[in-house]
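Good morning, everyone. Please have a look at it first.

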Amino acid sequence: MEAVEIDKISKIYEDGTQALNEVSLKVREGKIYGLLGPNGAGKSTLIGIISGTVSKTSGTAKIFGLDNSKDLQKAKLLLGVVPQEVVSEPVFTVFEVLDFFAGFYGVKKNDRKKKIDEVLEALHLGSKRNTRARFLSGGMKRRLMVAKALIHEPKLIILDEPTAGVDVELRTIIWNYVKEINKKGSTIIFTTHYLEEAEKLCSEIAIINKGKVIVEEETDKLKYLFGETTIDATLENTGFELEKILDTDIIKFNDNEVKIITKTGNESYYLQKLATLGGLKKIEIGQPSLEDIFVKLVKA
Amino acid sequence: MANWYGAYNLFRRETTRFRKIIIDTTVSPIISNVLYLIIFNVAVSGRQVQGVDYIKFLAPGLITLTLINSAFSNPSFALVIAKFSGSISDILIAPLTGTQIVLAYVGAAMVRALVTAFATLLVILLFTHLNVEHIGLAILGAFLTSFFFGTLGAIFGYFAKQFDSMTMMTTFIMTPMSFLGGVFYPVSALKGIWQTVSRFNPMLYFIDLMRYSFIDKEFIPHNISLTVAILANVIIFPLAIYLFTKGKRLTVL
């Protein structure tokens, strides 16, 4: 089943800014799905539309089959959302914030305490249980927001840059917990500027730019479709010809050294040729990173 | 399935909020009322208004003013602070309808208003003997007043874009309305145009209704005041639901 099904969603703000232009995508249940794009690409608007906090101009958004313009409250019950902006609650303690928030989702009093303690421990906030939320550090506030999104064990969790401004150790804590939740069956959608995070965690990725989805693909396939592998080799023989597979491939000889840039997947052809014709002495293969692909696609 | 348990938890949150800052929300208006009573007791001791002691005349006005200010402040400040702190996103994300959000905020406003007004009544009883002549009407009037101004506060919180808006509303609208509403003097004492202006002030009808229910004195016939109070609630409540269902102005500032 699709956890999220977005069909031709457009959003034009009152000032005329078109944030989204007929965006369509599908997120399968149980996946960790990355929504990437440069600043102002439309990611947060799309997340706002999925979570029902931003109205759409046209199109449909379905959450587990529920159209969120018709069954918004039912759809929201299935959702946990971490907004991008850090929220500071001026009056309440960490426990109270979570207690009320869990209550909004119908979690009964007897279950709330146990659940709150569990989430606070998992996110290393147990010692701050009775601290006023506004006195937490930035990183702790961010973790409290994650705790709020997870407290009612939603089927779909949307995290809008949950690790922005969070140090490496805390990022690991957050992601370990999110992965644990995912293993239990929740679907995760997240946006991030840390592309290595997305590469490590996501099974599928969509890249949005200027309000349009420019690619939606499984992370591994993305490398084959758009990645470029670099081969740096030192050879025993020189003076032979190397035929290109694609016109776009780059082959540069410098004495007995050669540099080849080719579409990912084609490297075996060149390695075989080099081994046969050039006698390989030394070789280094640079695999494409998600960052390379992201930059290439967004620039294009 | 309507998520009324979620709405109850929003109500619980908003009542807990005012209990946690009780000095600001409840003690402070009571102290203001004590000061009014002391000053007026000294300044106009023995003077009669509409055939009753001035303090007895003033008391229902102060109780109603407390109801009005407390009911108005609770949702309006909560919403403005939520917009600034970003915690308004909790409400936007939560599976609650516009009706449930309004009822939770207005319910909490009524609790605060009724608690503070009742405490004010107890303090007033230290200064003067005060009978409630029409107790049923007093209870109904207190509910109608707190419901109307709680809803008005929620609407104002919905529209407010900055903290200044709160000060402006209090200074330029609520305070003049209370002065023209007959809290401190009978509106019949106003001359010419000001008496006509007062008749367009909704606060007058709520205050006059409460004064009638306490001391059996009225400027406007109490049936008219009661009708206006009910009508005002009937008009404002659906408006609030409409706005909160649309939710356009419920955004982080």
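**Helices and sheets in a predicted model**

Let me begin in chain B, where helix H9 (residues 202-215) of chain B and helix H10 (residues 222-246) of chain B pack at an angle of about 130°, with their axes 9 Å apart. Helices here (H or I, at least four residues) and strands (E, at least two) are DSSP runs, numbered from the N terminus. The axes are lines fitted to C-alpha atoms, for helices over the stretch in contact, and the angles run from 0 to 180 degrees between N-to-C directions.

Residues are numbered from 1 along each chain as its sequence is written, chains are lettered from A and ligands numbered from 1 in the order in which they are written, and side-chain values use heavy atoms, with hydrogens and water left out.

Back to our helix pair: H9(B) and H10(B) are therefore oblique to each other, given that angles under 35 degrees count as roughly parallel, over 145 as roughly antiparallel, 65 to 115 as roughly perpendicular and the rest as oblique. Their crossing is left-handed, a word used if the near helix is turned anticlockwise from the far one by less than a right angle, with right-handed used if clockwise. On the H9(B) side, Tyr205(B), Phe206(B), Asp208(B), Leu209(B) and Tyr212(B) take part in the contact, where contact means heavy atoms within 4.5 Å; the residues they meet in H10(B) include His222(B), Ile224(B) and Leu226(B). By class, this contact has 9 nonpolar, 3 polar and 1 charged residues, with Ala, Val, Leu, Ile, Met, Phe, Trp, Tyr, Cys and Pro counted as nonpolar, Asp, Glu, Lys and Arg as charged, and the others, Gly among them, as polar.

How does H9(B) pack with helix H6 (residues 135-159) of chain B, and at what angle? The two pack at about 160°, with their axes 9 Å apart, and that makes H6(B) roughly antiparallel to H9(B). H6(B) passes H9(B) in a left-handed crossing. Among the residues that make the contact are Leu144(B) and Phe148(B) of H6(B), and Phe206(B), Leu209(B) and Tyr212(B) of H9(B). The residues of this contact divide into 12 nonpolar, 3 polar and no charged.

Now to chain A, whose mean pLDDT is 90, with 100% of its residues at 70 or more; pLDDT is the predictor's confidence in each residue, from 0 to 100. Among the elements of chain A, helix H10 (residues 290-299) has the lowest mean pLDDT (80), and helix H3 (residues 94-104) the highest (97).

In which order do the 6 strands of the open, mixed sheet of chain A lie? The order is S6-S7-S8-S3-S9-S10, and two strands are said to pair if DSSP finds at least two bridges between them. Strand S6 (79-82) and strand S10 (212-218) of chain A stand at the edges, each with a single partner strand, so one side of each is left without a neighbour in the sheet. Neighbouring strands of this sheet are turned by 15° against each other on average, direction ignored. Within the sheet, strand S3 (residues 32-36) and strand S8 (residues 187-191) of chain A pair in the parallel sense over 4 bridges, and Ile32(A) stands opposite Ile188(A) in S8(A). Helix H5 (residues 138-150) of chain A lies across S6 and strand S7 (156-160) of chain A, running at about 170° to S6(A).

Finally, an open sheet of 4 strands in chain A has the order S12-S13-S11-S14, with antiparallel pairing. Its edge strands are S12 and strand S14 (280-286) of chain A, each pairing on one side only, and the twist averages 15° from one strand to the next. Helix H9 (residues 267-278) of chain A packs on this sheet, touching S11, S12, S13 and S14 of chain A, and its direction makes about 10° with that of S11(A). Strand S11 (residues 228-235) and strand S13 (residues 257-263) of chain A are joined over 7 bridges, and Asp232(A) stands opposite Lys259(A) in S13(A). Lys259(A) is also the bridge partner of Lys252(A).
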